[in-house]
Amino acid sequence: MIGFLDIALRLTIWFLLTADLSPANIIIGVAIALLLPRRATAPGVLKDGLRVAWDILIAIPVAYIEAIEMILRPHRHEKMVRERVKPNRTPGLIFLDIFLITFTPKSIVTQYQEDGWYEVHRVTRRNAP
C-alpha cells in the first residue's frame, strides 16, 4: 500500500512539473518513479500522510475564502512567525506541511530550519501581537 502511494505521489509531482500527459511522458514518469530510491517507512507515516492529505483537501476552500476576503477587505499588515514542525516528520511530510502553509494566500513559508521550525510570513488586517 505504501509503495503504491509513494509511486502515485511521485507521478503526481512529475505530471504537475511537466504538465504533459502524453504516452511518452507517462512512460518516462513511471520509469522515474520506479527508479528513484525508496527507504522503509514507519507505520505511523501512512497515517500522518493521510491526515496531511485531508488537511490539503480542506485547504482548497479555505484558500478561496481567504482570497475573497483579501479582495473585499485588504490586509495591509504583515508579520513573521515561527511555527514548530510536528514531531517525527519525514522529509515528504515536511514538504507537504510547507505546501499546506504556502497554499493559502495569507501565508508563505520563507525558511525551513533544520532544528525543527518553519519561518512563516503572514499578512493580516491589523497589527497582531
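Glu83 and Arg122 form a salt bridge, with their closest N and O atoms 2.1 Å apart. This is a predicted model, where local features need pLDDT of at least 70, side-chain atom pairs count only at pLDDT 80 or more, and totals for chains, interfaces and linings use all residues. Residues are numbered from 1 along each chain as its sequence is written, and side-chain values use heavy atoms, leaving out hydrogens and water.

Q: Why is the pair Glu83 and Arg122 called a salt bridge?
A: The rule asks for a side-chain nitrogen of Lys or Arg within 4 Å of a carboxyl oxygen of Asp or Glu. Here the closest N and O atoms are 2.1 Å apart, so the pair passes.

Q: What makes this pair a link between distant parts of the chain?
A: Glu83 sits in strand S1 (residues 77–84) and Arg122 in strand S3 (residues 117–124), 39 residues apart. Strands here are DSSP runs of E with at least two residues, helices are runs of H or I with at least four, and both are numbered from the N terminus.

Q: Why is Glu83 called partly exposed?
A: Buried means under 20% relative accessible area, exposed means over 50%, and partly exposed is in between (1.4 Å probe, protein chains only). Glu83 has 23%, so it counts as partly exposed. Arg122, at 25%, is partly exposed too.

Q: How do you know that Glu69 takes part in salt bridges?
A: Check the N to O distances: 3.8 Å for Glu69 with Arg73, and 2.9 Å for Lys106 with Glu69. The cut-off is 4 Å, so both pairs pass. The count for the model comes to three salt bridges.

Q: What makes the pair of Lys106 and Glu69 a tie between separate parts?
A: Lys106 lies in the loop between helix H4 (91–103) and strand S2 (107–113), while Glu69 is in helix H3 (residues 43–72), so the pair ties together parts that are 37 residues apart in sequence.

Q: Why is Lys106 called buried, while Glu69 and Arg73 are called partly exposed?
A: Lys106 has a relative accessible area of 17%, which is under 20%, so it's buried. Glu69 comes in at 22% and Arg73 at 41%, so these two land in between.

Q: How do you know that Arg10 is in contact with Leu36?
A: Contact means heavy atoms within 4.5 Å. Leaving aside neighbours within four places in sequence, Arg10 has Ala33, Leu36, Pro37 and Arg38 as its contacts. The C-alpha atoms of Arg10 and Leu36 are 9.1 Å apart, but the contact rule looks at heavy atoms. Arg10 itself belongs to helix H1 (residues 2–18).

Q: What makes Tyr64 exposed?
A: Tyr64, in helix H3, has 59% relative accessibility, and the cut-off is over 50%, so it counts as exposed.
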